[in-house]
Amino acid sequence: MSLGFQACQSEYSERMLKAIKLKQKYNEVKTIISESNSSNLKPMLVEIENEIKIQAQISGNEELFLKEIWKN
C-alpha cells in the first residue's frame with residue numbers, strides 16, 4: 001500500500017468521522033423541530049448540511065462520501 005493511498009484513506013476517514021458527528025447533530029435538531037413544531041431551527045439544518053458537503057468535498061470522493069453519510 002502506498003503512502004499516498006494511506007494518506008487519502010486517513011483523510012477520508014477523518015472527514016467521515018466529523019460528518020458522522022454532524023449528522024448526529026442534524027438528526028437531533030430535526031427531532032427537536034418535529035417535536036416542537038418549530039421551524040426557527042431549520043436554518044441550522046441547512047448549515048449542518050452545508051458543513052457535511054464541505055467535508056465530502058475535502059474527502060476526495062464526494063459522491064461516495066455523501067451516499068455513505070445519508071444512507072440511514
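**Entry 1. A question to begin**

Is Trp70 buried, partly exposed or exposed? I looked up its relative accessibility, which is 34%, so Trp70 counts as partly exposed. I note here that the model is predicted.

**Entry 2. The overall fold**

I next looked up the secondary structure. The protein has 3 helices and 0 strands, and its pattern along the sequence reads α-α-α. Helix H1 covers 3-36, helix H2 covers 42-59 and helix H3 covers 62-70. The protein has 72 residues, and 24% of them are buried. I then turned to contacts between residues at least 6 apart in sequence, of which 55% join residues at least 24 apart. For the accessible surface I recorded about 5200 Å², with 54% of that belonging to carbon and sulfur atoms.

**Entry 3. The largest nonpolar core**

Which residues touch the most other members of the largest nonpolar core? I found Met16, Val29, Leu45, Ile48, Ile52, Phe65 and Ile69, in a core of 13 residues. At least two residues of this core come from each of H1, H2 and H3. H1 provides the largest share, 7 residues. As background, I recall that nonpolar side chains tend to be buried together in soluble globular proteins.

I took H2 by itself. H2 has 18 residues, and its first and last C-alpha atoms are 26 Å apart, close to the 26 Å expected at 1.5 Å a residue. Its buried residues are Leu45, Ile48, Ile52, Gln55, Ala56 and Ser59. Why do the buried residues of H2 line one face of the helix? Seen down the helix axis, they fall within an arc of 100°, so they line one face. On the face of H2 turned away from the buried side I found the exposed residues Glu47 and Gln57.

Ile54 is also in H2. With a relative accessible area of 37%, Ile54 is partly exposed. From Ile54 to Ala19 the C-alpha distance is 9.3 Å, and the two residues are 35 apart in sequence.

**Entry 4. Ser59 and Phe65**

Ser59 lies in H2, and I recorded it as buried, with a relative accessible area of 7%. Which residues are in contact with Ser59, leaving aside its neighbours within four places in sequence? They are Tyr12, Arg15 and Phe65. Ser59 and Arg15 are 44 residues apart along the chain, yet 5.9 Å separates their C-alpha atoms.

I then followed Phe65, whose relative accessibility is 0%, so it counts as buried. With neighbours within four places in sequence left aside, the contacts of Phe65 are Tyr12, Arg15, Met16, Ala19, Ile52, Gln55, Ala56 and Ser59. Phe65 is also one of the core residues that touch the most other members.

**Entry 5. Aromatic pairs**

How many aromatic pairs does the structure hold? I found 2. In one, the ring centres of Tyr12 and Phe65 are 5.5 Å apart and the planes stand at 85°, so this pair is edge-to-face. Because Tyr12 is in helix H1 and Phe65 in helix H3, the pair ties together parts that are 53 residues apart in sequence. Tyr12 has a relative accessibility of 13%, which means that it counts as buried.

Tyr26 and Trp70 also pair: their ring centres are 5.1 Å apart and their planes are at 75°, so I recorded the pair as edge-to-face. Tyr26 lies in helix H1 and Trp70 in helix H3, and the pair therefore ties together parts 44 residues apart in sequence. Tyr26 counts as buried, at 9% relative accessibility, whereas Trp70 counts as partly exposed.

**Entry 6. Positive phi values**

Finally, I looked up backbone angles. Most residues other than glycine have a negative phi. Where is Asn37 placed? Asn37 is in the loop between H1 and H2, and its phi is near 55°, a positive value in a residue other than glycine. At 71% relative accessibility, over the 50% cut-off, Asn37 counts as exposed. Just after H2, Gly60 takes a positive phi of about 100°.

Methods. Residues are numbered from 1 along each chain as its sequence is written. This is a predicted model: local features need pLDDT of at least 70, side-chain atom pairs count only at pLDDT 80 or more; totals for chains, interfaces and linings use all residues. Side-chain values use heavy atoms; hydrogens and water are left out. A nonpolar core is a set of buried Ala, Val, Leu, Ile, Met, Phe, Trp, Tyr and Cys residues joined through side-chain atoms within 4.5 Å. Buried means under 20% relative accessible area, exposed over 50%, partly exposed in between (1.4 Å probe, protein chains only). Helices (H or I, at least four residues) and strands (E, at least two) are DSSP runs, numbered from the N terminus. Contact means heavy atoms within 4.5 Å. The expected span of a helix is 1.5 Å times one less than its number of residues. The arc is that of the directions from the helix axis to the C-beta atoms. Rings of Phe, Tyr and Trp (its six-membered ring) pair if their centres lie within 6.5 Å; planes under 30 degrees apart count as stacked, over 60 as edge-to-face and the rest as tilted. Accessible areas come from the Shrake-Rupley method with a 1.4 Å probe; for residues, only the protein chains shown count as cover.
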